[in-house]
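The sequence and structure are shown first, and the description follows.

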Amino acid sequence: MTAPLHGKTALVTGSTSGIGLGIATALAEQGASVILNGFGDVDAARTIVGRAGGRVGYHGADLGRADHIAALMSYAAAEFDGVDVLVNNAGIQHVASIETFPVDKWDAILAVNLTAAFHTTRLALPAMRARNWGRIINIASVHGLVASIHKAAYVAAKHGLLGLTKVTALETARTGITCNALCPGWVLTPLVQRQIDDRAAREGVGDDVAREALLVEKQPSADFVTLEQLAATATFLCSDAANQVRGAAWNVDGGWIAQ
Ligand code: NAD
(Lines give C-alpha, C1' and ligand atoms only; values in the text may rest on other atoms or scores of the structure.)
Protein backbone atom coordinates (compact mmCIF):
# COMPACT_ATOMS: atom_id res chain seq x y z
CA MET A 1 0.00 0.00 0.00
CA THR A 2 1.31 3.49 -0.83
CA ALA A 3 2.12 5.59 2.22
CA PRO A 4 -0.60 8.26 2.70
CA LEU A 5 1.76 11.25 2.25
CA HIS A 6 3.92 9.71 -0.49
CA GLY A 7 4.81 12.42 -3.02
CA LYS A 8 4.08 15.28 -0.60
CA THR A 9 6.57 17.63 1.01
CA ALA A 10 6.20 18.77 4.62
CA LEU A 11 7.92 21.83 6.04
CA VAL A 12 8.06 21.78 9.83
CA THR A 13 9.50 24.95 11.35
CA GLY A 14 11.49 24.58 14.54
CA SER A 15 11.94 20.86 14.01
CA THR A 16 15.41 20.23 15.46
CA SER A 17 13.87 19.34 18.84
CA GLY A 18 10.67 18.77 20.76
CA ILE A 19 7.24 18.79 19.19
CA GLY A 20 8.48 19.81 15.74
CA LEU A 21 10.92 16.91 15.58
CA GLY A 22 8.17 14.51 16.72
CA ILE A 23 5.77 15.73 14.02
CA ALA A 24 8.48 15.75 11.33
CA THR A 25 9.30 12.13 12.16
CA ALA A 26 5.65 11.06 12.01
CA LEU A 27 5.12 12.80 8.65
CA ALA A 28 8.22 11.07 7.26
CA GLU A 29 6.78 7.74 8.47
CA GLN A 30 3.66 8.63 6.47
CA GLY A 31 5.83 8.90 3.34
CA ALA A 32 6.38 12.68 3.12
CA SER A 33 9.65 14.32 2.18
CA VAL A 34 10.48 16.62 5.09
CA ILE A 35 12.19 19.99 5.30
CA LEU A 36 13.64 20.59 8.76
CA ASN A 37 14.38 23.99 10.28
CA GLY A 38 15.63 25.23 13.64
CA PHE A 39 18.73 25.97 15.70
CA GLY A 40 19.17 22.67 17.54
CA ASP A 41 21.25 19.59 16.69
CA VAL A 42 20.63 19.41 12.94
CA ASP A 43 22.61 16.19 12.34
CA ALA A 44 20.73 14.31 15.07
CA ALA A 45 17.37 15.56 13.73
CA ARG A 46 18.34 14.59 10.17
CA THR A 47 19.25 11.10 11.36
CA ILE A 48 16.02 10.59 13.32
CA VAL A 49 13.77 11.81 10.49
CA GLY A 50 15.88 10.09 7.81
CA ARG A 51 15.44 6.75 9.59
CA ALA A 52 11.67 7.20 9.29
CA GLY A 53 12.03 7.23 5.49
CA GLY A 54 11.85 9.68 2.59
CA ARG A 55 14.00 12.62 1.61
CA VAL A 56 15.10 15.09 4.29
CA GLY A 57 16.18 18.69 3.70
CA TYR A 58 17.18 21.44 6.09
CA HIS A 59 17.15 25.24 6.01
CA GLY A 60 18.51 27.32 8.87
CA ALA A 61 16.18 30.31 8.49
CA ASP A 62 15.68 32.50 11.55
CA LEU A 63 11.87 32.57 11.75
CA GLY A 64 12.06 35.95 13.41
CA ARG A 65 13.16 37.48 10.09
CA ALA A 66 10.92 37.94 7.04
CA ASP A 67 13.87 37.84 4.62
CA HIS A 68 15.03 34.51 6.07
CA ILE A 69 11.51 33.08 5.74
CA ALA A 70 11.38 34.16 2.09
CA ALA A 71 14.71 32.34 1.54
CA LEU A 72 13.33 29.23 3.28
CA MET A 73 10.25 29.17 1.04
CA SER A 74 12.40 29.73 -2.08
CA TYR A 75 14.56 26.77 -1.01
CA ALA A 76 11.40 24.64 -0.62
CA ALA A 77 10.19 25.66 -4.09
CA ALA A 78 13.56 25.11 -5.78
CA GLU A 79 14.57 21.86 -4.07
CA PHE A 80 11.21 20.23 -3.24
CA ASP A 81 8.76 21.78 -5.72
CA GLY A 82 6.95 23.62 -2.91
CA VAL A 83 5.29 22.76 0.38
CA ASP A 84 2.17 20.56 0.66
CA VAL A 85 2.07 20.28 4.45
CA LEU A 86 3.10 23.35 6.42
CA VAL A 87 3.55 22.96 10.16
CA ASN A 88 4.13 26.29 11.86
CA ASN A 89 5.77 25.03 15.03
CA ALA A 90 8.81 27.21 15.88
CA GLY A 91 8.17 28.95 19.17
CA ILE A 92 9.95 30.69 22.01
CA GLN A 93 8.94 31.71 25.49
CA HIS A 94 9.88 34.31 28.10
CA VAL A 95 8.35 34.52 31.55
CA ALA A 96 8.07 37.92 33.31
CA SER A 97 5.39 40.29 34.58
CA ILE A 98 4.10 42.89 32.10
CA GLU A 99 5.86 45.76 33.87
CA THR A 100 9.21 43.98 33.72
CA PHE A 101 8.75 42.27 30.35
CA PRO A 102 11.77 43.13 28.15
CA VAL A 103 10.53 44.89 25.00
CA ASP A 104 12.99 43.00 22.80
CA LYS A 105 11.60 39.69 24.13
CA TRP A 106 8.04 40.82 23.32
CA ASP A 107 9.11 41.68 19.76
CA ALA A 108 10.97 38.37 19.30
CA ILE A 109 8.08 36.23 20.64
CA LEU A 110 5.51 37.98 18.44
CA ALA A 111 7.82 37.60 15.42
CA VAL A 112 8.62 33.90 15.85
CA ASN A 113 5.33 32.64 17.36
CA LEU A 114 2.90 34.66 15.22
CA THR A 115 4.28 36.76 12.35
CA ALA A 116 6.38 33.88 10.99
CA ALA A 117 3.21 31.83 10.44
CA PHE A 118 1.70 34.69 8.43
CA HIS A 119 4.77 34.79 6.18
CA THR A 120 5.07 31.01 5.65
CA THR A 121 1.32 30.75 5.02
CA ARG A 122 1.14 33.60 2.51
CA LEU A 123 4.15 32.19 0.64
CA ALA A 124 2.97 28.55 0.71
CA LEU A 125 -0.64 29.16 -0.36
CA PRO A 126 -0.15 29.90 -4.09
CA ALA A 127 1.40 26.45 -4.80
CA MET A 128 -1.19 24.75 -2.58
CA ARG A 129 -3.99 26.51 -4.50
CA ALA A 130 -2.43 25.47 -7.82
CA ARG A 131 -2.58 21.81 -6.67
CA ASN A 132 -5.87 22.26 -4.82
CA TRP A 133 -4.44 20.39 -1.85
CA GLY A 134 -2.66 21.50 1.28
CA ARG A 135 -2.50 21.14 5.02
CA ILE A 136 -1.53 23.99 7.33
CA ILE A 137 -1.15 23.05 10.99
CA ASN A 138 -0.37 25.81 13.43
CA ILE A 139 1.11 24.68 16.72
CA ALA A 140 -0.60 27.07 19.09
CA SER A 141 -1.08 26.18 22.77
CA VAL A 142 -3.66 26.09 25.52
CA HIS A 143 -2.31 29.63 25.87
CA GLY A 144 -4.13 30.42 22.62
CA LEU A 145 -7.36 29.74 24.53
CA VAL A 146 -6.68 30.79 28.12
CA ALA A 147 -4.05 32.90 29.88
CA SER A 148 -1.46 32.47 32.59
CA ILE A 149 0.35 35.20 34.46
CA HIS A 150 3.80 36.34 33.31
CA LYS A 151 3.36 35.10 29.74
CA ALA A 152 1.95 38.24 28.09
CA ALA A 153 3.81 37.94 24.78
CA TYR A 154 3.32 34.17 24.45
CA VAL A 155 -0.40 34.31 25.30
CA ALA A 156 -0.95 37.26 22.94
CA ALA A 157 0.94 35.54 20.11
CA LYS A 158 -0.87 32.21 20.55
CA HIS A 159 -4.30 33.89 20.69
CA GLY A 160 -3.28 35.71 17.49
CA LEU A 161 -2.20 32.45 15.89
CA LEU A 162 -5.68 31.00 16.46
CA GLY A 163 -7.13 34.09 14.74
CA LEU A 164 -4.80 33.59 11.78
CA THR A 165 -5.82 29.91 11.68
CA LYS A 166 -9.50 30.83 11.38
CA VAL A 167 -8.95 33.44 8.65
CA THR A 168 -6.77 31.02 6.66
CA ALA A 169 -9.42 28.30 7.01
CA LEU A 170 -12.15 30.65 5.76
CA GLU A 171 -10.14 31.98 2.82
CA THR A 172 -9.43 28.39 1.69
CA ALA A 173 -12.81 26.92 2.63
CA ARG A 174 -13.83 26.08 -0.96
CA THR A 175 -10.50 24.37 -1.72
CA GLY A 176 -8.67 21.18 -0.80
CA ILE A 177 -6.52 23.17 1.61
CA THR A 178 -7.29 22.99 5.32
CA CYS A 179 -5.86 25.02 8.18
CA ASN A 180 -6.14 24.02 11.83
CA ALA A 181 -4.36 24.58 15.12
CA LEU A 182 -3.19 22.22 17.83
CA CYS A 183 -3.33 23.52 21.38
CA PRO A 184 -1.07 21.37 23.57
CA GLY A 185 -0.92 21.55 27.33
CA TRP A 186 2.40 20.71 29.04
CA VAL A 187 4.71 18.62 26.87
CA LEU A 188 8.12 17.77 28.33
CA THR A 189 10.42 19.46 25.77
CA PRO A 190 13.46 21.74 26.16
CA LEU A 191 11.10 24.75 26.17
CA VAL A 192 9.28 23.40 29.25
CA GLN A 193 12.39 21.95 30.91
CA ARG A 194 13.77 25.52 31.07
CA GLN A 195 10.64 26.57 33.00
CA ILE A 196 11.07 23.60 35.36
CA ASP A 197 14.73 24.54 35.92
CA ASP A 198 13.73 28.16 36.70
CA ARG A 199 11.06 26.98 39.14
CA ALA A 200 13.45 24.58 40.89
CA ALA A 201 15.99 27.39 41.33
CA ARG A 202 13.36 29.93 42.44
CA GLU A 203 11.75 27.59 45.01
CA GLY A 204 14.94 25.83 46.07
CA VAL A 205 13.54 22.38 45.25
CA GLY A 206 14.70 19.44 43.12
CA ASP A 207 13.83 18.81 39.48
CA ASP A 208 11.23 16.14 40.36
CA VAL A 209 9.38 18.38 42.81
CA ALA A 210 9.39 21.35 40.41
CA ARG A 211 8.17 19.16 37.56
CA GLU A 212 5.29 17.74 39.58
CA ALA A 213 4.30 21.20 40.87
CA LEU A 214 4.28 22.64 37.34
CA LEU A 215 2.07 19.80 36.10
CA VAL A 216 -0.57 19.64 38.83
CA GLU A 217 -1.01 23.41 38.92
CA LYS A 218 -2.61 23.42 35.43
CA GLN A 219 -3.01 19.94 33.94
CA PRO A 220 -5.71 17.81 35.66
CA SER A 221 -4.37 14.52 34.24
CA ALA A 222 -1.07 15.25 36.05
CA ASP A 223 0.64 13.66 33.06
CA PHE A 224 2.60 15.28 30.27
CA VAL A 225 1.21 15.19 26.73
CA THR A 226 3.61 13.09 24.63
CA LEU A 227 5.24 13.93 21.33
CA GLU A 228 3.71 10.78 19.85
CA GLN A 229 0.19 11.88 20.83
CA LEU A 230 0.64 15.27 19.18
CA ALA A 231 2.27 13.76 16.11
CA ALA A 232 -0.66 11.34 15.69
CA THR A 233 -3.12 14.24 15.91
CA ALA A 234 -1.16 16.15 13.26
CA THR A 235 -1.09 13.05 11.06
CA PHE A 236 -4.86 12.73 11.38
CA LEU A 237 -5.27 16.36 10.26
CA CYS A 238 -3.31 15.44 7.10
CA SER A 239 -5.64 12.55 6.28
CA ASP A 240 -8.71 12.53 4.02
CA ALA A 241 -10.85 11.88 7.10
CA ALA A 242 -10.01 15.44 8.20
CA ASN A 243 -11.04 17.12 4.90
CA GLN A 244 -13.85 18.98 6.66
CA VAL A 245 -11.94 19.83 9.82
CA ARG A 246 -11.33 23.52 9.15
CA GLY A 247 -10.37 26.35 11.46
CA ALA A 248 -10.32 24.12 14.54
CA ALA A 249 -8.33 24.81 17.70
CA TRP A 250 -7.82 21.27 18.97
CA ASN A 251 -6.68 21.09 22.57
CA VAL A 252 -4.54 18.10 23.57
CA ASP A 253 -4.05 19.16 27.15
CA GLY A 254 -4.90 16.59 29.83
CA GLY A 255 -8.04 18.59 30.65
CA TRP A 256 -6.33 21.99 31.16
CA ILE A 257 -9.02 24.13 29.54
CA ALA A 258 -11.97 22.03 30.73
CA GLN A 259 -11.58 23.60 34.18
P1 NAD B 1 11.57 23.41 21.70
O2 NAD B 1 12.31 24.51 22.38
O3 NAD B 1 11.93 22.00 21.97
O4 NAD B 1 11.59 23.59 20.13
C5 NAD B 1 11.48 24.83 19.51
C6 NAD B 1 12.07 24.72 18.14
O7 NAD B 1 11.98 26.02 17.52
C8 NAD B 1 13.56 24.33 18.14
O9 NAD B 1 13.83 23.53 17.01
C10 NAD B 1 14.25 25.69 17.99
O11 NAD B 1 15.56 25.60 17.43
C12 NAD B 1 13.28 26.38 17.06
N13 NAD B 1 13.39 27.82 17.04
C14 NAD B 1 13.39 28.67 18.10
N15 NAD B 1 13.54 29.93 17.65
C16 NAD B 1 13.63 29.86 16.30
C17 NAD B 1 13.79 30.81 15.26
N18 NAD B 1 13.91 32.14 15.53
N19 NAD B 1 13.86 30.38 13.99
C20 NAD B 1 13.79 29.06 13.70
N21 NAD B 1 13.61 28.11 14.64
C22 NAD B 1 13.54 28.52 15.92
O23 NAD B 1 10.03 23.71 22.06
P24 NAD B 1 8.70 22.84 21.95
O25 NAD B 1 8.17 22.71 23.31
O26 NAD B 1 8.87 21.65 21.11
O27 NAD B 1 7.77 23.90 21.23
C28 NAD B 1 7.32 23.79 19.89
C29 NAD B 1 6.03 24.57 19.73
O30 NAD B 1 5.04 24.00 20.57
C31 NAD B 1 6.15 26.03 20.13
O32 NAD B 1 5.42 26.82 19.23
C33 NAD B 1 5.52 26.06 21.51
O34 NAD B 1 4.98 27.31 21.80
C35 NAD B 1 4.44 25.02 21.33
N36 NAD B 1 3.94 24.47 22.60
C37 NAD B 1 4.77 23.78 23.44
C38 NAD B 1 4.24 23.26 24.61
C39 NAD B 1 5.07 22.47 25.58
O40 NAD B 1 4.57 22.16 26.67
N41 NAD B 1 6.29 22.10 25.27
C42 NAD B 1 2.91 23.46 24.94
C43 NAD B 1 2.10 24.18 24.06
C44 NAD B 1 2.63 24.66 22.90
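In this predicted model, domain 1 and domain 2 bury about 660 Å² between them, and carbon and sulfur atoms account for 54% of that area. On the side of domain 1, the residues that lose the most area to domain 2 are Gln93, Ser148 and Val225, which together make up 43% of what that side buries.

The domain assignment places residues 9-185 and 225-252 of the protein chain in domain 1, and residues 188-224 in domain 2. The contact draws 15 residues from domain 1 and nine residues from domain 2. Taken over C-alpha atoms, the centres of the two domains are 25 Å apart.

Which kinds of polar interaction link the two domains? Between domain 1 and domain 2 the count of salt bridges is zero, while two residue pairs are in polar contact across the interface, both at pLDDT 80 or more. Two helices contribute to the side of domain 1 that touches domain 2: helix H1 (18-29) and helix H8 (227-238) each supply at least two residues. By residue class, that side of domain 1 consists of six nonpolar residues, eight polar residues and one charged residue.

**Surroundings of the ligand**

There are 33 residues around the ligand, and those that come nearest are Thr16, Asn89, Tyr154, Val187 and Thr189.

| Residue | Protein atom | Distance to a ligand oxygen atom |
|---|---|---|
| Thr16 | side-chain N or O atom | 2.8 Å |
| Ser17 | polar side-chain atom | 2.8 Å |
| Val187 | backbone N or O atom | 2.7 Å |

Definitions and conventions: Residues are numbered from 1 along each chain as its sequence is written. This is a predicted model: local features need pLDDT of at least 70, side-chain atom pairs count only at pLDDT 80 or more; totals for chains, interfaces and linings use all residues. Side-chain values use heavy atoms; hydrogens and water are left out. Domain bounds come from an automatic or database domain assignment. Contact means heavy atoms within 4.5 Å. Buried area is the accessible area (1.4 Å probe) that two parts lose on being put together, summed over both. A salt bridge is a side-chain nitrogen of Lys or Arg within 4 Å of a carboxyl oxygen of Asp or Glu. A polar contact is a pair of N or O atoms within 3.5 Å; within protein, one must be able to donate a hydrogen and the other to accept it, and residues adjacent in sequence count only if both atoms are side-chain atoms. Helices (H or I, at least four residues) and strands (E, at least two) are DSSP runs, numbered from the N terminus. Ala, Val, Leu, Ile, Met, Phe, Trp, Tyr, Cys and Pro count as nonpolar, Asp, Glu, Lys and Arg as charged, and the others, Gly among them, as polar. A residue is near a molecule or strand if one of its heavy atoms lies within 4 Å of it.
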